Structures are given as C-alpha cells and as structure tokens.
Amino acid sequence: MHSVTRVFLPDVNRVMTEEKEQPDEPLQPDEVRIVTRFLGICGSDLHVLKGHHPVGKPPIVPGHEIAAVVSETGADVTHLRPGDNVVVDPIMPCLDCPACRSGRFNLCFPPRVAGFRIPGFARSSMVVPARNLHKAPPELPMKVLAFAEPVACAHHCVTRLPESQRDRVLVIGAGTIGLSIIQALRIVGAREIAVVEPDERKRALALKLGAQRVVAPGKLAEDESFSGVIDVVAAPATIMEACLKVEPGGTVVCMGVPRGNCEIPLAHMQRFERSLVSSGMYVPEDFEAAISWLSQGLFDTRDLITDIFPVSQAPQAFERAQTPTSIKVLIEFGR
Ligand SMILES: [Zn+2]
Ligand SMILES: [Zn+2]
C-alpha cells in the first residue's frame with residue numbers, strides 16, 4: 001500500500017511541511033503503525049528549530065508530544081488494535097543497559113529521544129515500537145490526550161520528592177511545566193503549594209490550578225522554608241533560592257534545564273542534610289498515571305491548551321508558540 005505522509009522538515013527559523021508519497025514499510029512483529037491526530041509544540045521543539053538545542057539540530061523532524069490512532073499492528077502485538085487511541089513515549093531505549101534493566105529508561109545512555117537525536121513525531125503517520133504506546137480510553141478527547149506528555153513530566157517530577165516532603169512545596173516558575181507540576185502536587189495531596197512567578201497572568205492561573213499562594217520573584221519572606229522546592233527554571237538565581245528555601249532534611253528538585261553550571265550553597269545543604277535531586281523526562285508508569293489523571297478529570301487542561309491550529313497553518317502555530325500569551329499550542333492533523 002502507498003500512503004501520503006505529511007512530514008515537518010524544518011529549517012532554522014522556518015517551519016515547512018512536505019507531503020511525501022511512499023510505500024508503507026512492512027511492520028516488524030513488535031511494531032505499530034499510527035496516524036497522528038494532535039501534536040503539541042514544546043519549548044524544546046522551538047530550541048531545536050532555532051538550532052539552540054544542545055543535541056537536536058535542524059534539519060530534523062521535531063516533535064515528541066502526540067495523540068494518535070493505531071492503524072495497523074505487527075504480528076506479536078496483543079495489547080493494541082486498530083482504532084485504539086494512544087500517546088507515544090518518545091524515549092527509544094536500548095533495553096540492555098543497567099538503567100534499562102532496572103526500568104529507568106529515561107536514564108538509558110546514549111539517549112535516543114524522538115525529535116532530538118532521532119526523527120520526531122511531527123508527521124501525519126509513522127511506525128513505532130509497540131512498547132512505546134500507551135492506550136487511552138476512547139472517551140478521553142484526543143486534544144486532552146495530546147497533553148499526556150507534559151503531565152507525565154510533572155508526575156515524574158513530583159515522585160522525585162520523597163512522599164513525606166510533598167506537603168509544603170515551593171514551585172519556582174509557572175510556565176506549561178510549572179503549572180502542570182502545581183496540578184500534580186494538588187492531586188497527590190500537597191497541603192500547601194507556594195509559587196514564585198514573574199508573570200501576573202501565570203500567577204493567577206497557578207492559584208486557579210491549585211496553588212495557595214503566589215508571589216513575584218524576591219517576595220518570599222527571609223525566614224520562610226518548605227519541605228520541598230521544585231525549580232522549574234534552573235537559572236543560577238533560582239537554584240540558589242531553591243536551596244536556601246528548603247528546610248532541614250528537605251529536598252530540592254531541579255526540573256528546569258540549566259544552561260550551564262550553577263553555584264550551590266553546599267555548606268547550607270550539607271550540615272542539615274538538605275538534598276538536591278533532578279528530574280529528567282519520565283518512565284512508562286508516568287504515562288499510565290498521566291492518562292489516569294486526565295481520564296478522571298483530576299488534571300485540567302482547559303486553561304493550558306490555549307490554541308489549536310490545523311496542520312495547514314503549522315508555521316503560524318510555531319509562531320504563536322513563541323508568544324508569551326500562549327501556553328500549549330496544538331496542531332491538529334487531518335484538518
Ligand atoms: Zn516537551
Ligand atoms: Zn539502555
């Protein structure tokens with residue numbers, strides 16, 4: 001069978017889509033062919049497109065956040081059928097290294113993540129390993145399912161905080177991921193969520209989505225401290241503030257992607273056993289939790305998905321994703 005696939009082939013600062021007619025590659029027994037419905041644009045996709053990402057450089061097909069429908073399954077695939085709605089984990093692990101053998105596929109090295117070192121999901125159909133697919137209930141809207149990847153990031157991040165320290169948490173930065181982490185903390189039962197964020201509109205959203213208190217940077221009282229601090233920005237000033245605001249025995253999670261080395265107040269950390277851990281991507285269980293939260297309506301995407309563009313307007317979608325008033329911009333395929 002031949003099919004026409006629309007593929008994103010971006011150049012630096014330019015988003016192009018191209019229609020390619022090609023024979024459908026035959027499936028391996030453990031593979032699945034899927035048809036994309038929605039693609040989410042992530043900040044890291046923008047870095048890739050602009051040539052600023054440390055590993056993903058154009059020309060590469062970007063994209064790692066999609067909701068798709070199964071169209072064909074390989075001979076050995078038993079848990080999926082044509083017509084199933086799925087979200088795709090973009091981590092393609094070796095399955096053989098010590099990290100993979102312990103189930104921590106996000107730590108597989110060297111990493112193979114779709115949209116960065118290997119071609120991404122910004123295409124209308126593709127073949128992926130069955131193990132990367134997570135099935136969603138049919139009643140969960142596809143545009144909501146397209147948000148499962150950021151939710152998986154947030155779920156993983158929150159699980160990096162020891163359970164006893166998810167009680168009074170400070171979140172630094174309320175962009176897409178920060179706002180998702182605030183909801184994740186609310187869902188796991190945090191009693192007090194405080195947020196530091198410079199943008200007034202995002203502060204208001206943080207309150208709406210579960211924070212009890214929001215402040216502009218530099219406005220926390222000198223002597224305040226929290227059982228856990230999540231730094232979604234990871235700039236030198238925010239990681240310093242995170243370390244100084246965590247109470248004795250507490251944990252700082254570095255969730256943002258630092259641009260370079262940052263200074264850590266090590267004496268302050270060491271004497272009272274404050275820990276600094278990091279959160280990088282997710283494991284399959286985080287996708288299962290994300291789908292469950294979205295399906296139960298616990299995690300609300302209504303204020304987070306700000307725009308949906310048809311695939312014919314993909315360049316405009318990427319433009320919009322770079323404006324500060326957008327949160328998550330989706331591209332709808334087949335429209
Ligand atoms: Zn992303
Ligand atoms: Zn591995």
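Reader: At what angle do helix 5 and helix 6 pack, and how far apart are their axes?

Author: In this predicted model, helix 5, which covers residues 176–187, packs against helix 6, residues 200–209, at an angle of about 20°, and their axes are 9 Å apart. Angles under 35 degrees count as roughly parallel, so helix 5 is roughly parallel to helix 6. The crossing of the two is right-handed.

Reader: Which residues of helix 5 and helix 6 make the contact?

Author: Helix 5 contributes Leu-179, Ile-182, Gln-183 and Arg-186, while helix 6 contributes Lys-202, Leu-205, Ala-206 and Leu-209. Sorted by class, the residues of this contact are five nonpolar, one polar and two charged.

Reader: How should I read the crossing of helix 4 and helix 5?

Author: The axes of helix 4, residues 148–159, and helix 5 come within 8 Å and cross at roughly 60°. That angle makes helix 4 oblique to helix 5, and the crossing is again described as right-handed.

Reader: Which residues meet there, and how do they divide by class?

Author: From helix 4 come Pro-150, Cys-153, Ala-154, Cys-157 and Val-158, and they meet Ile-177, Ser-180, Ile-181, Ala-184 and Leu-185 in helix 5. The residues of this contact divide into nine nonpolar, one polar and no charged.

Reader: What lines the largest cavity, and which elements give two or more residues to the lining?

Author: The lining consists of Ser-3, Thr-5, Gln-22, Pro-23, Asp-24, Glu-25, Arg-33, Arg-123, Ser-125, Met-126 and Val-127. Strand 1 (2–8), strand 2 (17–23) and strand 6 (125–129) are the elements that give two or more residues, and the largest share, three residues, comes from strand 6. By class, the lining has three nonpolar, four polar and four charged residues.

Reader: What is the volume of the second largest pocket, and which residues line that pocket?

Author: The second largest pocket has a volume of about 230 Å³. Its lining is made up of Glu-25, Met-92, Ala-114, Ile-118, Pro-119, Gly-120, Phe-121, Arg-123, Met-126, Val-127, Val-128 and Pro-129, which divide by class into nine nonpolar, one polar and two charged residues.

Technical notes
Residues numbered from 1 in each chain as written. Chains lettered and ligands numbered in written order. Predicted model: local features only at pLDDT ≥ 70, side-chain atom pairs only at ≥ 80, totals over all residues. Heavy atoms only, no water. Axes fitted to C-alpha atoms, helices over the stretch in contact; angles between N-to-C directions. Helix = DSSP H or I, 4+ residues; strand = E, 2+ residues; numbered from the N terminus. Parallel < 35°, antiparallel > 145°, perpendicular 65-115°, else oblique. Left-handed = near helix turned anticlockwise from the far one by under 90°. Contact = heavy atoms within 4.5 Å. Nonpolar A, V, L, I, M, F, W, Y, C, P; charged D, E, K, R; others polar. 1 Å grid on protein atoms, 1.4 Å probe; cavity = no way out; pocket = protein on both sides within 12 Å on 5 of 7 lines; lining within 4 Å. Points joined across faces, edges and corners; volume = space filled by probe spheres on them.
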